[in-house]
Amino acid sequence: MAKTQLNVRVDEGTARAARERATARGMSVNRYIEELVRQDAGEVGHTFVEAAADFMKQYENVFAEEFGADREGAVREGPAREGAVREGGTREGRR
């Protein structure tokens, strides 16, 4: 894919943060900015999934306490829910 050069002016604090975050991720500032724009434009949908996973991890004990899970990843037994995923990865209730 052809590349186009953009010249962007930002304050020194923003530039420093971009350099630090790019370095921490092992990538160039150009690549870091490119990925941020792709995420913001919706081309990369993992941001929501990562945030949801962080939320679930943070509140795992609260969910376990509320819903009575005896162990990590436990699912309460009961009637199958519409659209629930069965063992083997297929959905129940949808044909």
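The protein exposes about 9000 Å², of which carbon and sulfur atoms supply 50%, with accessible areas taken from the Shrake-Rupley method with a 1.4 Å probe and, for residues, only the protein chains shown counting as cover. This is a predicted model, in which local features need pLDDT of at least 70, side-chain atom pairs count only at pLDDT 80 or more, and totals for chains, interfaces and linings use all residues. Residues are numbered from 1 along each chain as its sequence is written, and side-chain values use heavy atoms, with hydrogens and water left out.

**Overall build**
- The protein has four helices and zero strands, where helices (H or I, at least four residues) and strands (E, at least two) are DSSP runs numbered from the N terminus.
- Of the 95 residues, 6% are buried (buried means under 20% relative accessible area, exposed over 50%, and partly exposed in between, with a 1.4 Å probe and protein chains only).
- Among contacts (heavy atoms within 4.5 Å) with a separation of 6 or more, 6% are between residues 24 or more positions apart.

**Helix 2 and its surroundings**
- Helix 2 covers residues 29-40 and reaches 16 Å from its first C-alpha to its last, close to the 16 Å expected at 1.5 Å a residue, the expected span being 1.5 Å times one less than the number of residues.
- Just after helix 2, Gly42 takes a positive phi of about 90°.
- Val29, Ile33, Leu36 and Val37 make a nonpolar surface patch of about 300 Å²; patches are made of residues with over 30% relative accessible area and no salt bridge, like charges being joined within 9 Å and nonpolar side chains (Val, Leu, Ile, Met, Phe, Trp, Tyr) within 5 Å.
- Val37 lies in helix 2 and counts as exposed because its relative accessibility is 53%.

**Salt bridges**
- The structure holds four salt bridges, each defined as a side-chain nitrogen of Lys or Arg within 4 Å of a carboxyl oxygen of Asp or Glu.
- Lys3 pairs with Glu34, their closest N and O atoms being 3.2 Å apart; Lys3 lies in the segment before helix 1 (12-24) and Glu34 in helix 2, so the pair ties together parts that are 31 residues apart in sequence.
- Arg31 and Glu35 meet in a salt bridge at 2.9 Å, N to O, and both lie in helix 2, four residues apart, about one turn of the helix.
- Salt bridges that share partners join Lys3, Glu34 and Arg38 into one network.

**Helix 4**
- Phe63, found in helix 4 (residues 60-67), is partly exposed at 29% relative accessibility.
- Not counting residues up to four places away in sequence, Phe63 touches Phe55, Met56 and Gly68.
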